[in-house]
Each structure stands twice: as C-alpha cells, then as structure tokens.
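Here is a short tour of one protein chain. Take a look at the structure first, and then read on.

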Amino acid sequence: MKLTYSGKTKDVFALDNGNYLLKFKDEVTGENGVFDPGANTVGLVLEGAGRAGLSLTKFFFERLQAAGIPTHYVDANIEEATMTVKPATVFGSGLEVICRFKAVGSFLRRYGLYAQEGQPLDAFVEVTLKDDGRQDPPISEDALAMLGVLTHEEYQVLKELTQQISQVIKTELARKGIELYDIKLEFGRVGDEKQIVLIDEISGGNMRAYKNGEYIEPLQLEQLMLSAE
C-alpha cells in the first residue's frame, strides 16, 4: 500500500489492484472542542470514532447498494477501521453537497434574517467548494458550470442523487425514532463513462441527527442505529 492522501478524518492508500483503502481516524471536525459536521478543521478526538464512523458507513452504503444507488464502496474491515473503494475522481478540487431538512448550522447563520431555527426545509440541496482557506464557500449551479467544475447536466444528477440518498438515510434513521436535520455528502466520477457515484463516508460525523429534540453525538448515533433493539 502507498499513502496517497492524509485528510482530517481519514488517510487514503493506493492498493496494487487499482482500488483504494480508506483508513478512518478518531478525529472529527469542529471548533473549540465542539463537534460540527460543517467545520473545515479538526475540532476534537473521540476514541472509537473511526470504527464507529466506518460501521455506520458500511451500514448505509449497503442499504444504498440494495436500493440500486451507485457508490464507490467495495467492502469494509471494522476491526482495522478500513474501507476498500473503487477509484474515483472528484469535481475540481472537491465539492461537498449538503441536503437540509431543517434550518440549523451554517444555513441558519447565513439566512437567519428569514429562517427560524429548526424550520422545516424541503430537502434543500446546497453545494460548497472544498477550500479550507476560503472556509468552503457555497457556490451555485451556474457558477460551477461557468468555472468548468461540472456541467448543468451533471449538477442535476448530483442534486437528484443527493436527495435520493438523503431520503434513504432519513428513512433508516426514522426507524430508530431519529430525525435527520442535515447531511453532508461527497461525489465523484468512476470508470471510463465517468458515472457519478457517492464517495467518502456516511456517518455521524457528517450529519446532524436528533432524537426527542436532543442532538445525538456521532458515537451515540452509531450505537443507536446498529443496536439490535
């Protein structure tokens, strides 16, 4: 294996067969020791967060594959906190796609003149550039196309996949009495046909979920979702 990238929450290794291995870390994003899925810095270290994030990621990716939704997932080793994935190229230097069901976080900070905290949103899709130096600025469909990051057609695929995936995850959480407020996803192109697929992870570290009006921490979310009850 060869280390190709060391990120905030995982390392990426190239495998001899052309696939990649993601090694999940215990670091999560946030600021001043407080977890925030929308932050672009590591805020704290939670022991066991890597395995917990991978366990939930494996659970959701397998649900999505069963639903016929394209992803880069191949398999996972929970004990080693690793996931094998197909090679994918990102859009530009990377995009983050957020699907919002409730007004919280950066959405509320930006649009608080009009939005109330917890206000229902209709699976609102928002795209931001992965650019730590500029604090991951939001960007519109037209700007993405004009700058050559993706085409209008690709944007529509991205939006539809985001809403479809987020609804699957929302439904799975609801089975445990958990409500999804928002979730951050990433996509890439796979193969010669450049099929757009879901990449990265789906864990408590990239979503806000609540139960009985109380926010659920990432490790607790994994325990609730994967418990036998």
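## Strands side by side

Ile98 stands opposite Glu126 of strand β11. This pair sits in a predicted model, where local features need pLDDT of at least 70, side-chain atom pairs count only at pLDDT 80 or more, and totals for chains, interfaces and linings use all residues. Residues are numbered from 1 along each chain as its sequence is written, and side-chain values use heavy atoms, with hydrogens and water left out.

Strand β10 (residues 95–102) and strand β11 (residues 120–129) run antiparallel, joined by 7 bridges. Strands pair if DSSP finds at least two bridges between them. β11 also pairs with strand β12 (residues 138–139), again in the antiparallel sense, over 2 bridges. There, Thr128 has Pro138 in β12 as its bridge partner.

## The whole chain

The chain holds 5 helices and 16 strands, which are DSSP runs numbered from the N terminus (helices: H or I, at least four residues; strands: E, at least two). Its radius of gyration is 17 Å, close to the 17 Å that the globule rule gives for 229 residues, so the chain is as compact as a globular protein of that length. Here the radius is taken over C-alpha atoms, and the rule is 2.2 Å times the number of residues to the power 0.38. Along its principal axes, the C-alpha trace spans about 50 × 45 × 35 Å.

## Contacts within the chain

Among contacts (heavy atoms within 4.5 Å) between residues at least 6 apart in sequence, 55% join residues at least 24 apart.
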